[in-house]
Amino acid sequence: MPIASPRRLLGSLLSLVLVACGPGPSPSPTLEATPSPTAASSPAASVDAAAVYGAIARQVEAIRGLQPTGDVAPVLLDADQLRANLTATFDKDNPPAAVRETEALYRVLGLLPLDVSLRTAELDLLAGQVAGYYSPDQKQLFVVSRSGGIGPSQRVTYAHEFTHQLQDQHFDLAKVQGSATGQGDRSLAVLALIEGDAVSVQTAWTAANLNAADLAQLLADASDPSVVQSLLDAPPILRLLSLAPYTAGQAFVAALQASGGEAAVNAAFRDPPSSTSEVVHPDLYATHAPPGPVAWVTDLRAALGSGWSSLGQDTLGELFVRSWLQAGGVPVAQAGTAAAGDEADRIELFAGPAGQVAAAIQLRWSSDADADEFLAAWQLVRSKVVGLPAVTTSGHTVTLTIAPSQAMADALLQQLVGPVPVR
């Protein structure tokens, strides 16, 4: 089975509270949740609510240039119901084994402390940040209102989520997202398109329809201590990967709009980006050449000895590498430069006796300079990995391994690339 990553583990369409530290929604991908019939949730179906949401829908339709093909009545959730929904959906969509594998990956890379539960950390982050979501599976739209009212935050959220409804009705989001098996980078790239489009519409709607008092309330909601604390308490890698689809996606959609308006955005939904490099560098999307495979040995377990098994393979991609480096302490600008030029990559994770973990990673860069920039950043994070690392380069390709002992890391490296100097 593939290595599970949060961008795939949490695979629905979340819209998050605007946070004081930056524009647009926050945490990661998308959950598909359904309201409990016994919990506090209510259709936003009063005359006033229907009028408010109807007006926003018409305004969003004009901004996005798409008409709904069916009605989806928004449902208001309170904080308790939101947490219950998120928990139920997380546990339904994420088998314990998949969560353990993701924890192992993050821990071997030095991104998740041993005393932190990935499940708990994700749910705490989401429960504190999520302002609403649209479920493509259930064809339902939810807006969170901790007070029960429909203020500026709820209106902005609905503009974002109604955009997801339009996307689903016109392009079939399940089809757009496709299979995530072994394609984590592509999955994150597609999510960036989906969320970037919704953030673009949300931003345009906000500028056109909120007054100064509304904006002040929006800022106050975003500055709520519990909202801010949930973001600050999250492990940096979860926070960064949560923000990435929204921020990078909004810039990508803006580039599409500049080149061809909403028609170009629609075309991207029919032919989504193949990698996050295409999202970060929209000129690469114009050529749209899928990343080629990296060389890989069929069975690397022999290098680790008896009792080892493969947990799976996946792609990392530019946005993940950038987030990994930044979460490990590399300055923001250096992390961005070091991750740029990632043409293709692959990671395989291994489980051994007594809970031991090993990893093999290969990254093919566009140039020697790109490879060197990554290696310079790697030197800043290598001490944080759990295990002993080995790394070598061949042309533009960097191969690194992490294992419980240096001998195992070297053996795994040489099994993958042959007897080459280790650096």
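**Figure 1. Asp172 in the loop between two helices.** Asp172 is partly exposed, with a relative accessible area of 35%. In this predicted model, Asp172 occupies the loop that separates helix H6 (152-171) from helix H7 (173-177). Although Asp172 is not a glycine, its phi is positive, at about 65 degrees.

**Figure 2. Lys139 in the loop between two strands.** Lys139 is located between strand E4 (130-135) and strand E5 (140-144), in the loop that links them. Its backbone has a positive phi of about 55 degrees, although Lys139 is not a glycine. The relative accessible area of Lys139 is 44%, so this residue is classed as partly exposed, the range between 20% and 50%.

Figure 3. Glu161 belongs to helix H6. Because its relative accessibility is 0%, and the limit for a buried residue is under 20%, Glu161 counts as buried. The side chain of Glu161 reaches the backbone nitrogen of Tyr134 at a distance of 3.2 Å.

**Figure 4. Helix H14 and the glycine that follows.** Helix H14 spans residues 318-327 and is mostly covered, with 7 of its 10 residues buried. The buried residues are Glu318, Leu319, Phe320, Val321, Ser323, Trp324 and Leu325. After H14 comes Gly329, which has a positive phi near 110 degrees.

**Figure 5. Surroundings of Phe374 in the largest nonpolar core.** The largest nonpolar core contains 98 residues, and Phe374 is listed with Tyr106, Leu109 and Leu325 as having the most contacts inside it. Helix H11 (residues 236-270) supplies the largest share of this core, 12 residues. When residues up to four places away in sequence are not counted, Phe374 touches Val321, Trp324, Leu325, Ala338, Leu363, Trp365, Val398 and Leu400. In soluble globular proteins, nonpolar side chains tend to be buried together.

Terms used
Residues are numbered from 1 along each chain as its sequence is written. This is a predicted model: local features need pLDDT of at least 70, side-chain atom pairs count only at pLDDT 80 or more; totals for chains, interfaces and linings use all residues. Side-chain values use heavy atoms; hydrogens and water are left out. Helices (H or I, at least four residues) and strands (E, at least two) are DSSP runs, numbered from the N terminus. Buried means under 20% relative accessible area, exposed over 50%, partly exposed in between (1.4 Å probe, protein chains only). A polar contact is a pair of N or O atoms within 3.5 Å; within protein, one must be able to donate a hydrogen and the other to accept it, and residues adjacent in sequence count only if both atoms are side-chain atoms. A nonpolar core is a set of buried Ala, Val, Leu, Ile, Met, Phe, Trp, Tyr and Cys residues joined through side-chain atoms within 4.5 Å. Contact means heavy atoms within 4.5 Å.
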